[in-house]
Amino acid sequence: MKHFGVTAKFLFFSFLLIGAGCKENTSVSGPLTQRPNVILIVTDDQGYGDLGYHGNPYTKTPHLDQFASKSLELTNFHVGTTCAPTRAGIMTGRNANRNNAWHTIAGCSILLETEETIAEVFTENGYDTAMFGKWHLGDNYPFRPHDKGFGHAIYHGGGGVGQTPDYWKNDYFDDTYFQNGVPQKFEGYCTDVWFNKAMDFLQVRDVENPFFLYLAPNAAHGPFNVPEKYAKMYEKADLTEKQKRFYGMVSNIDENFGRLVAYLKEKKLFDNTILIFTTDNGTALGISRTADDKMLGYNSGLRGIKGSHYDGGHKVPFFLSWPDGNILKEASSNELISHVDLLPTLTDLTDIPYTPKNPLDGTSMAKIMTGEEQTKDRMLVVDTQRNQRPLKGRNPCVMSTKWRLVNGVELYNAVDDPGQQTDVAEQYPEVVSKMQAFYDEWWSSVEPDIKYAEIPLGTSEANPVLITIHDMHTVDGLPWNQVQIRKGELSPNGFYNIKVVEDGDYQFQLYRYPSESDLSLNAAAEEIPGTPFRDGLPEGKKIYPSKAVVELGDMVLQADVDDNKPFAIVKGKLKKGSYKLKSNFTNAQGSVIPSYYTQIEKL
């Protein structure tokens, strides 16, 4: 295999990589129909080490391994440390701290309305666009995938199947997903559905247009439900039972990937399609410590897993194939490249004229991929915030091709010490100083962009609006999945950031369970037993609500509750403006219980 770009200088200090907007064509030119198609596959919680191609002795991924051997591999490719931050960076070319997607819940995983997405750019340039799987950047108008440029979208709610915004009782099998916002039942295992629908899209699209397809399976994210035959592939492996299910999910992804490649070749689409396989963060369960402190699994020797700002949390696999293009083939590059580079790089490779509406953190790496350049001096920042507002110095990693500055004080040579075992900060104080200076300058550019998204009420495009507790701003933790809703877990000290777009009479319907459950406010949802390959759901807990209380700024609206009904109704006159909305029940003892689901309608 051809290797290049192993070392790089690290003196690039400009956080605005303006080369992304001033492009030279490095790819195809000519009629729209000759432009390459793009398929971007981003799996969930599958790390760098979760492939046989990277030496994993357990996992069975023959199709991905074969694809990797024929592709351009980026061996130093980085994303966010968790789901939504990576997806926000892919969509916008901008770090998640700039666009309200620095968390995975708590109102901080909603992509700001002002952000321009890769789907909007490709749509504006004549591409048919579609996404299937995990969106995780907002469940309300105008933040949904079909609001943000995707002509066709089928997706689950929230950050995973079974989370609070997802359809009630989804469990990866025969679930109900949202098709351009409308619930629809689908048969089959979730990953199979996403790939099947992607191939259906390729059949019904306008063949006169090129296409941009974003395929984002929720696997291998927990709860690690998987068809039995895939988990049984690992029954004799020295892994925990949940790891066997996790690896089974990876093998199911591999099988579906093989089906997609075969389909593209059969339909004569493979050669002129830029096909990318990557993931959204480090492994969730590829390596795991048991109760007796035994480490099981494989992580390619990387330090850290999902959520870590060491490389194991954000260095992920990346393979790119384009047989008709002038990119390198059967080659690898160790040049530092990131998820925020994908938007400017793909517009370059597809010959799309692109001037960013907002300053980018990414830049085009097309010339690295074509071999015209072997190094591109730069630095990038990844961090793990997972709180209500990004804080300077919270879990940062400053990266160059060669170096990692972690927490502002630990320095690692990522080329000689990829496992980050030896801190060499004392030997290279000048490197620490320069990288910290880059971070300080970069952070100064981020701070003005930090703001919350506002969910609009009273629009003609979306009325009524359903808000779930997944998006409640709170520092106390919140019930973000349906298991916690069943248990009646509390998080009363929080608010929703909303915007009333028009004066008028509004009605609030406060629910304990979502409307499709057909459960009353004080019902105990039925227990659903698990199986060896599927987690169950606990019996619900009664909450005994007596009053429904809605607060918007200084306004307090309330009504008595009939707990035998599915919701309580509160009405009031609202004035146009921005508010912090609180929506809760109280019981006879005065305890505050959140309304996990609140539907708001302008009458």
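The side chain of Asp 471 forms a polar contact with the side chain of His 470 at 3.1 Å; such a contact is a pair of N or O atoms within 3.5 Å, where within protein one must be able to donate a hydrogen and the other to accept it, and residues adjacent in sequence count only if both atoms are side-chain atoms. The model is predicted: local features require pLDDT of at least 70 and side-chain atom pairs pLDDT 80 or more, while totals for chains, interfaces and linings use all residues. Residues are numbered from 1 along each chain as its sequence is written, and side-chain values use heavy atoms, with hydrogens and water left out.

Asp 471 lies in the loop between strand E21 (465–468) and helix H10 (482–487); helices (H or I, at least four residues) and strands (E, at least two) are DSSP runs numbered from the N terminus. Asp 471 is buried but has no salt bridge, and the nearest side chain of opposite charge, that of Arg 144, is 11 Å away. Buried denotes under 20% relative accessible area, exposed over 50%, and partly exposed in between (1.4 Å probe, protein chains only). A salt bridge is a side-chain nitrogen of Lys or Arg within 4 Å of a carboxyl oxygen of Asp or Glu; for charge, Lys and Arg count as positive and Asp and Glu as negative, and His and the chain ends are not counted. Beyond four places in sequence, the contacts (heavy atoms within 4.5 Å) of Asp 471 include Ala 106, Asn 140 and Tyr 496.

Asp 254, in helix H6, is also buried, with a relative accessible area of 2%. Its side chain reaches the backbone nitrogen of His 63 at 3.1 Å. Excluding neighbours within four places in sequence, Asp 254 is in contact with Lys 60, Thr 61, Pro 62, His 63 and Leu 64.

Leu 260 is in contact with Ile 39, Phe 195 and Leu 215, among others outside four places in sequence.

Helix H2 (residues 83–92) is mostly covered, with 10 of its 10 residues buried. The covering elements include E2, helix H3 (118–124), E9 and helix H7 (342–349).
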